[in-house]
Amino acid sequence: MAVLQYSSSVKIDHTFRDWQGFDQFKNRVQSMDHIGHGTYTSYAIGNATQLFQAEARQNSVKIAILMTDGVDHPRNPNLQNVATHAKEYGIFLFCLGPPHISSDLSAVASLPSSQFVHSLRDTNLTRNLLHEVLKVTKESCPRPKPCTCEKGERGKDGAPGRRGDRGQDGSPGEKGVQGPQGLKGETGISGEKGKPGFKGHKGSNG
């Protein structure tokens with residue numbers, strides 16, 4: 001990403017080749033000093049086009065976001081001619097400005113205006129703009145060509161894998177239902193004769 005600010009002159013605060021990550025880019029933007037003076041939008045678009053021509057890859061998707069207060073200096077060169085040159089080079093041009101100049105921005109931005117012209121008073125500007133930018137990149141990024149190669153022969157089977165580790169013991173199963181009553185068993189053999197018992201007490205007289 002690159003960023004430049006413009007007035008009666010243009011200052012490029014960050015070029016494409018300066019890119020070292022988003023945090024560094026964000027710090028560069030936050031440290032920008034306001035130029036002031038008049039608004040020469042044609043200078044901004046012209047310099048942005050030159051920056052794309054000098055540093056951007058030929059097949060890359062080129063997107064420029066122009067933010068303006070809409071009050072161009074009377075000596076500002078023909079804006080539509082500069083914007084047309086940028087779009088002919090393949091730059092998708094988004095324009096952000098006050099709502100009362102939407103029609104003017106529509107003559108500068110890419111088409112359709114509903115996608116490329118946004119109001120600075122839109123409470124969802126960041127989300128809506130990001131949505132449209134991603135839409136452009138998705139539709140315009142070069143897609144890899146499908147492979148037309150012949151299918152190769154199947155390779156040899158690999159060596160068998162090692163035996164896996166024993167799994168963990170499962171949880172105990174539920175208690176089964178009670179089984180039917182068993183058959184009556186056979187009569188057992190007689191036991192041994194018992195020992196003599198103790199002598200009983202003497203009975204009472206008759």
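Visitor: What makes Asp-165 and Arg-162 a salt bridge?
Guide: This is a predicted model, and in it the closest N and O atoms of Asp-165 and Arg-162 are 3.5 Å apart. The cut-off is 4 Å between a side-chain nitrogen of Lys or Arg and a carboxyl oxygen of Asp or Glu, so the pair counts. Both Asp-165 and Arg-162 are exposed.

Visitor: Why would such side chains pair at all?
Guide: Side chains of opposite charge can do so when their charged atoms come close.

Visitor: How many salt bridges does the structure hold?
Guide: Four. Another one joins Asp-169 to Arg-166, with 3.6 Å between the closest N and O atoms.

Visitor: What about the salt bridge of Asp-13 and Lys-11?
Guide: There the N to O distance is 3.7 Å. That is within 4 Å, so Asp-13 and Lys-11 qualify.

Visitor: Is Asp-13 buried or exposed?
Guide: Buried: the limit is under 20%, and Asp-13 has 9% relative accessibility.

Visitor: Let's turn to the pockets. How much space lies in the largest pocket?
Guide: About 1,500 Å³. Its lining has 39 residues, and Ala-2, Val-3, Phe-25, Ile-63 and Ile-65 are the ones nearest the centre. The elements giving two or more residues to that lining are β1 (3–6), α1 (22–30), α2 (41–55), β3 (62–67), β4 (91–97) and α6 (125–140).

Visitor: Which element gives the most to that lining?
Guide: That's α2, with seven residues.

Visitor: How does the lining of the largest pocket divide by class?
Guide: You get 30 nonpolar, five polar and four charged residues. Ala, Val, Phe and Ile all count as nonpolar, so each of the five residues nearest the centre, Ala-2, Val-3, Phe-25, Ile-63 and Ile-65, falls in that class.

Visitor: And what lines the second largest pocket?
Guide: That pocket holds about 270 Å³ of space and is lined by 13 residues, with Tyr-6, His-34, Thr-39, Met-67 and Asp-69 nearest its centre. Its lining has eight polar residues, four nonpolar and one charged. Asp counts as charged, so Asp-69 is that one.

Methods: Residues numbered from 1 in each chain as written. Predicted model: local features only at pLDDT ≥ 70, side-chain atom pairs only at ≥ 80, totals over all residues. Heavy atoms only, no water. 1 Å grid on protein atoms, 1.4 Å probe; cavity = no way out; pocket = protein on both sides within 12 Å on 5 of 7 lines; lining within 4 Å. Points joined across faces, edges and corners; volume = space filled by probe spheres on them. Helix = DSSP H or I, 4+ residues; strand = E, 2+ residues; numbered from the N terminus. Buried < 20%, exposed > 50% of the residue type's maximum accessible area, 1.4 Å probe, protein only.
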